[in-house]
Amino acid sequence: MMLRRGFILFLPRLVGLLVVACCSVSIVYMLACTPKGDNQQLALPRVHSPTVKEGYEAILQEREEQHRNYIISLKKQIAQLKAELQGRTKQLKNMQNQYPDPLDIQLDHSKPEQAQANLLAFLRSQVDKAEVHSGVKLSTEYAAVPFESFTLQKVYQLETGLTRHPEEKPVRKDKRDELVEVIELAVGSLNKPDGVSKAKPRLYTASDFVEGIYRTEKNKGTLYELTFKGDAKHQFKKIVLFRPFGPVMKVKNENINMADTLINVIVPLAKRASKFRQFMQNFREMGIQQDGRIHLTVVYFGKEQMSEVKSILENTSKSANFKNFTFIQLNEEFSRGKGLDIGARFWKGNNVVLFFCDVDIYFTAEFLNSCRLNTQPGKKVFYPVLFSQYNPSIIYGHHDSIPSLEQQLIIKKETGFWRDFGFGMTCQYRSDFINIGGFDLDIKGWGGEDVHLYRKYLHSNLMVIRTPVRGLFHLWHEKQCLDELTPEQYKMCMQSKAMNEASHGQLGMLVFKQEIETHLHRQKLSSKKT
């Protein structure tokens with residue numbers, strides 16, 4: 001009974017102690033989870049504090065003050081960030097005004113001074129963007145833009161193609177003029193008085209030029225580094241020049257409707273009926289079925305295999321319901337130039353695009369559109385660079401079988417080359433061909449007539465569009481260089497034949513075939529012994 005009475009008396013005290021303990025734990029939790037001010041520490045009310053309640057109120061007031069200070073600090077930081085952002089925005093705007101975007105440069109003739117200032121600012125920015133003062137990080141070894149070197153007489157170039165040489169005199173007038181201008185500017189800069197030295201300056205001339213290097217970054221400009229002889233034996237002067245490219249400017253914006261533009265494909269032919277059958281398969285698929293705006297003119301020399309060729313043409317006409325063709329037969333020796341000339345002049349309709357073609361050519365419907373888009377009467381003629389196929393028996397000699405023709409027509413260095421020395425496949429309007437005088441009909445046999453016509457266009461006011469195209473292929477066939485050709489024609493024929501077989505690497509494998517087989521045989525013997 002007494003124990004029960006004592007427990008009842010002790011229970012209120014126990015509840016009070018629990019309440020105090022819970023409050024203390026809450027205060028400790030708040031202090032631990034709230035960020036502290038600088039060099040500030042909080043503590044529980046000490047034993048000598050007035051009361052627990054007053055200590056708790058003091059702590060709450062102190063925490064409120066800390067929160068207030070914390071909020072004020074955050075507001076200050078936000079204000080600083082806003083000010084910094086405004087400063088950066090203003091700085092960026094100034095840079096954009098100083099170096100305007102190429103498409104935003106307005107060469108307003110009503111304000112010539114502002115237009116000139118904008119243009120000069122842009123050109124200066126090109127120097128800063130280009131790799132002139134320092135290098136840039138590149139992803140691979142192939143990303144570097146190589147320099148080409150030059151002297152007063154020669155240019156040493158990496159990208160030679162098939163018609164240029166590793167060392168040559170600059171043939172193109174624009175390249176000659178460019179390098180002469182650069183050397184003259186460098187000499188003028190060297191002879192310009194510096195205003196510091198009182199000694200009589202040396203007079204530099206082009207003969208002091210030792211060598212130069214240059215490279216072009218397509219969207220920035222051309223960098224030139226020129227070295228001249230110095231005042232002593234082992235001293236040199238170096239001049240660095242930069243030709244910045246100007247901003248991109250819109251020249252023309254036009255709609256082109258080619259729906260009614262007809263192409264007359266003219267093919268001169270003698271014999272070669274099997275090749276003509278292959279050509280007609282391509283013509284039917286790409287010209288008749290996919291394009292549909294096409295006419296075919298075949299100019300046939302002689303009578304041998306003529307009936308077979310006419311039969312192939314008539315069968316295609318019936319099966320494809322195709323009536324737009326002309327067959328012209330000539331009883332004389334084959335002449336490519338004469339056949340094309342007669343075929344072009346035979347046309348009696350409206351002005352038409354002429355595509356001079358050969359029987360060993362494969363074209364796509366996309367190429368026919370390129371033919372239309374790159375010709376314009378009285379303005380433009382089109383000289384595409386076609387992709388010439390290597391000998392399939394060499395390319396695919398290690399395969400079980402040679403792939404189909406469509407699978408062979410891929411543009412890779414192992415399968416062929418850009419035929420940049422050939423000018424036979426060309427598109428032009430008939431009016432331009434007639435006005436230029438057509439082909440030289442005195443040229444007989446193979447080669448020469450296409451170059452002669454090409455030069456006529458170059459000497460005229462017409463624009464010649466010369467570019468590689470992905471939809472025009474020269475199919476491999478064995479070349480026969482006849483004895484009756486002139487020495488110049490025979491040389492051209494043999495050069496074409498040599499280029500036509502395989503790549504350097506593939507021809508090298510053929511040359512060293514015996515050594516390779518001997519090596520493999522030794523390897524087998526060695527593996528058997530072990």
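**Figure 1. Arg243 and its salt-bridge partner Glu181.** Let's start with Arg243, which counts as partly exposed because its relative accessibility is 29%. Please keep in mind throughout that this is a predicted model. The side chain of Arg243 meets that of Glu181 in a salt bridge, with 3.1 Å from N to O. This pair links distant parts of the chain: Glu181 belongs to helix α4 (residues 173-190) and Arg243 to strand β6 (residues 236-244), 62 residues apart. Glu181 is partly exposed too, as its relative accessible area is 36%.

**Figure 2. A salt bridge between Glu64 and Arg68 in helix α2.** Here the side chains of Glu64 and Arg68 come together in a salt bridge, 3.4 Å from N to O. Both residues sit in helix α2 (residues 52-98), and because they are four residues apart there, about one helical turn separates them. Arg68 has a relative accessibility of 39%, so Arg68 counts as partly exposed. Glu64, at 47% relative accessibility, is likewise classed as partly exposed. While you are looking at this spot, find Glu65 as well: Glu64, Glu65 and Arg68 are linked in a network of salt bridges.

**Figure 3. Arg202 meets Asp208.** How many salt bridges does the structure hold? The count is 17, and one more of them is worth a close look. The side chains of Arg202 and Asp208 form a salt bridge with an N to O distance of 3.0 Å.

Figure 4. The largest cavity holds about 30 Å³ of space. Which residues line the largest cavity? They are Phe387, Ser388, Gln389, Gln408, Leu409, Ile410, Thr415 and Phe473. Strand β12 (residues 380-389) gives the largest share of this lining, with three residues. Sorted by class, the lining has four nonpolar and four polar residues, and no charged ones.

Figure 5. Which helices each supply at least two residues of the patch? Helix α14 (504-511) does, and so does helix α15 (513-529). Ile516 is located in helix α15. With a relative accessibility of 31%, Ile516 counts as partly exposed, and the patch takes in residues with over 30% relative accessible area.

**Figure 6. Two loop residues with positive phi.** Lys271 lies in the loop between β7 (263-269) and α5 (273-291). The phi angle of Lys271 is near 60 degrees, a positive value in a residue other than glycine. Lys271 has a relative accessible area of 40%, so Lys271 is partly exposed. Now move along to Asn321, in the loop between α6 (306-320) and β9 (325-330). Asn321 is not glycine either, and its phi is positive, near 55 degrees.

**Figure 7. Pairs apart in sequence, viewed in space.** Our last view takes in two pairs of residues. Pro146 is placed in the loop between α3 (112-129) and β1 (148-150). Pro146 and Arg215 are 69 residues apart in sequence, while their C-alpha atoms are 6.5 Å apart in space. At 44% relative accessibility, Pro146 counts as partly exposed. The second pair begins with Arg284, found in helix α5. Between Arg284 and Ala320 there are 7.5 Å in space, C-alpha to C-alpha, and the two are 36 residues apart in sequence. Arg284 is partly exposed, since its relative accessible area is 29%.

Methods. Residues numbered from 1 in each chain as written. Predicted model: local features only at pLDDT ≥ 70, side-chain atom pairs only at ≥ 80, totals over all residues. Heavy atoms only, no water. Buried < 20%, exposed > 50% of the residue type's maximum accessible area, 1.4 Å probe, protein only. 1 Å grid on protein atoms, 1.4 Å probe; cavity = no way out; pocket = protein on both sides within 12 Å on 5 of 7 lines; lining within 4 Å. Points joined across faces, edges and corners; volume = space filled by probe spheres on them. Nonpolar A, V, L, I, M, F, W, Y, C, P; charged D, E, K, R; others polar. Salt bridge = Lys/Arg side-chain N within 4 Å of Asp/Glu carboxyl O.
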